[in-house]
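Here are a couple of exercises to work through with the model open in your viewer. Try each task before you read its solution.

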Amino acid sequence: MISDRLRDRTNKFAKEIQALLNCTIASHVQIKAVALSKGDDRLFALGHLLDKTTMAAQRFPLRPCKERTELWMDVSFQLRLDAEREHLMVHKSFFGVFGAQEDKHGLFHYDYERDKADGYPDAHLQVYAQTDLFDRVNNPKTDGGRSFAQLHFPVGGKRFRPCLEDIIEFLIVERLVQARDDYEKVLEAGREGFRRNQLLAAMRRDPGAVEMFIDRYGIPGGRS
């Protein structure tokens with residue numbers, strides 16, 4: 001049975017992601033949360049109009065700056081409680097931008113998979129592009145017909161990976177999509193919350209570093 005704590009925190013997170021997207025670069029996004037089981041873990045999948053049968057999220061349209069073009073975004077998460085069953089934790093996430101609703105290849109996608117088992121970085125970026133230099137240095141004897149899009153660029157690991165706010169900001173400042181007024185305030189508030197949560201998680205996992213900081217700098221607002 002899914003715990004009330006996990007369900008409540010997941011629903012709150014789903015509302016936050018939905019508001020973030022609808023207040024910056026999208027309209028009418030509906031982030032749905034669906035419970036699923038994996039081994040002994042209890043997880044929730046999140047995504048736009050998530051299908052309970054296939055567990056697949058739908059892409060949603062963006063408004064490109066260039067007229068008569070299309071851009072679609074794919075955002076999905078898997079969430080669960082941490083080992084202490086106290087804090088909500090991202091198990092997997094995917095942020096991708098594509099030129100059509102069903103395209104297999106697009107501009108790029110950011111993947112995060114906690115404790116990824118295939119040797120690639122837990123958090124990584126893949127870019128759909130071509131480069132003559134890569135074609136020259138890629139070894140067909142060992143890597144076959146590997147493309148540039150199959151390279152996994154590491155991006156900060158589980159603790160310092162980019163957040164959804166970073167990807168939204170990139171699309172806006174690079175003039176790829178149109179943004180809503182005051183989007184900066186929305187992004188800054190969301191990013192500050194994400195980074196604070198990551199910092200607190202890092203402190204919980206490394207109390208020795210916290211003790212070293214307090215020994216050197218004291219407790220802010222207290223005696224050193």
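**Exercise 1.** Work out how many bridges join strand E3 to E4, and which residue in E4 is the bridge partner of Phe 60.

*Solution.* Start with E3 (residues 60-61): two bridges join this strand to E4, and the two run antiparallel. Strands pair if DSSP finds at least two bridges between them; strands (E, at least two residues) and helices (H or I, at least four) are DSSP runs, numbered from the N terminus. Next, pick out the partner of Phe 60 in E4, which is Met 73.

Now go to E5 (residues 88-98), joined to E4 by 10 bridges, again antiparallel. Here Ser 76 sits opposite Phe 94 of E5. The E4–E5 hairpin has six residues between its strands, and Arg 85 takes a positive phi near 55°.

Buried means under 20% relative accessible area, exposed over 50%, partly exposed in between (1.4 Å probe, protein chains only).

A note on the ground rules: this is a predicted model, so local features need pLDDT of at least 70 and side-chain atom pairs pLDDT 80 or more, while totals for chains, interfaces and linings use all residues. Residues are numbered from 1 along each chain as its sequence is written, and side-chain values use heavy atoms, leaving out hydrogens and water.

**Exercise 2.** Find out where Asn 138 lies, and whether it is buried or exposed.

*Solution.* First, locate Asn 138 in the loop between helix H2 (132-137) and helix H3 (140-143). Then check its relative accessible area: 10%, so Asn 138 is buried.
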